[in-house]
Amino acid sequence: MAVGDIEIRDDRAAGRLEAVADGEVVGRIEHFVLDAPQRALVPVHTVVEPAHQGKGIAGSLARELYAIAAREDSAVAPLCPYVARWAERHPDQAPAAGLKLMRAAKAWLAAHPERF
C-alpha cells in the first residue's frame with residue numbers, strides 16, 4: 001500500500017508493518033500473530049522516526065494493520081497504546097477485540113518478554 005510518497009509493507013517474518021520513504025524505513029508497528037483463542041494480529045509498539053512525525057504515518061500504519069486483519073479474517077488485539085487509541089477513534093475500521101482475546105494477547109507477551 002502507498003500513502004503519498006510512503007509505501008507500507010508487511011514484513012510478517014520480522015513481525016513489522018513498515019512505512020518506507022525513499023527506501024528508508026521511517027515508521028513501523030511491531031506485532032505478533034496470536035493463534036488462540038482466535039487468530040489475531042497483536043500490535044505492541046508503534047514507532048515513527050522523529051523527522052517524519054506529524055505526517056500521518058502512524059495512523060496510516062494502524063489503518064493498514066486493521067485492513068490486513070480484515071483481509072485475513074483475523075482480529076486485532078491492540079496492546080500498543082497508540083493503536084488502541086486509533087481504534088477507539090475509528091470504530092468503523094477497527095472492530096473491538098474481546099476481553100478473552102486481550103487477556104490471551106497479554107499472556108503471550110508476558111511469556112515472551114524477549115520478543116519486544
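Is Phe116 buried, partly exposed or exposed, and what is its relative accessible area? Phe116 is partly exposed, with a relative accessible area of 27%; buried means under 20% relative accessible area, exposed over 50% and partly exposed in between, using a 1.4 Å probe and protein chains only.

## Basis of the model

This is a predicted model, in which local features need pLDDT of at least 70 and side-chain atom pairs count only at pLDDT 80 or more, while totals for chains, interfaces and linings use all residues. Residues are numbered from 1 along each chain as its sequence is written, and side-chain values use heavy atoms, with hydrogens and water left out.

The pLDDT, the predictor's confidence in each residue on a scale from 0 to 100, averages 94 over the chain. A score of at least 70 is reached by 97% of the residues. Confidence is lowest in strand β1 (residues 2-3), where the mean is 50, and highest in β6, at 98.

## Overall fold

Three helices and six strands make up the secondary structure of the chain. Helices (H or I, at least four residues) and strands (E, at least two) are DSSP runs, numbered from the N terminus. Their order from the N terminus on is β-β-β-β-β-α-β-α-α. The radius of gyration of the chain is 14 Å, close to the 13 Å that the globule rule gives for 116 residues, so the chain is as compact as a globular protein of that length. That radius is taken over C-alpha atoms, and the globule rule is 2.2 Å times the number of residues to the power 0.38.

The C-alpha trace spans about 40 × 35 × 20 Å along its principal axes. Of the 116 residues in the chain, 42% are buried. The accessible surface comes to about 6,300 Å², and carbon and sulfur atoms account for 52% of that area. Accessible areas come from the Shrake-Rupley method with a 1.4 Å probe; for residues, only the protein chains shown count as cover. Contact means heavy atoms within 4.5 Å. Among contacts between residues at least 6 apart in sequence, 49% join residues at least 24 apart.

## Aromatic pairs

A search of the whole structure finds three aromatic pairs. Rings of Phe, Tyr and Trp (its six-membered ring) pair if their centres lie within 6.5 Å; planes under 30 degrees apart count as stacked, over 60 as edge-to-face and the rest as tilted. The rings of Phe32 and Phe116 have centres 6.0 Å apart and planes at 50°, so this pair is tilted. It links distant parts of the chain, with Phe32 in strand β4 (residues 24-34) and Phe116 in the segment after α3 (99-111), 84 residues apart. Phe32 is buried, at a relative accessible area of 3%. Phe32, Trp108 and Phe116 form one aromatic cluster.

Phe116, as noted, is partly exposed. For Tyr66 and Trp86, the ring centres are 5.8 Å apart and the planes at 25°, so that pair is stacked. This pair also links distant parts of the chain: Tyr66 is in helix α1 and Trp86 in helix α2 (residues 81-89), 20 residues apart. Both Tyr66 and Trp86 are buried.

## Salt bridges

Side chains of opposite charge can pair when their charged atoms come close. A salt bridge is a side-chain nitrogen of Lys or Arg within 4 Å of a carboxyl oxygen of Asp or Glu, and the count by this rule is nine. Asp10 and Arg12 form one of them, at 2.8 Å from N to O. Asp10 has a relative accessible area of 36% and is partly exposed.

Arg12, also joined to Glu72 by a salt bridge of 2.8 Å, N to O, lies in the loop between β2 (6-11) and β3 (16-21), and Glu72 in the loop between α1 (57-71) and β6 (75-76), so the pair ties together parts that are 60 residues apart in sequence. Arg12 is partly exposed at 27%, and Glu72 is partly exposed at 30%.

In the salt bridge between Glu30 and Arg28, the closest N and O atoms are 2.8 Å apart. Glu30 is buried, with a relative accessible area of 18%, whereas Arg28 is partly exposed at 23%. A network of salt bridges links Arg9, Asp11, Arg16 and Glu18.

## Surroundings of Ala40

Ala40 is found in strand β5 (residues 40-48) and counts as buried at 0% relative accessibility. Leaving aside neighbours within four places in sequence, Ala40 is in contact with Phe32, Val33, Leu34, Ser74, Ala75 and Leu101. Ala40 and Ala97 are 57 residues apart in sequence, and their C-alpha atoms are 9.2 Å apart in space.
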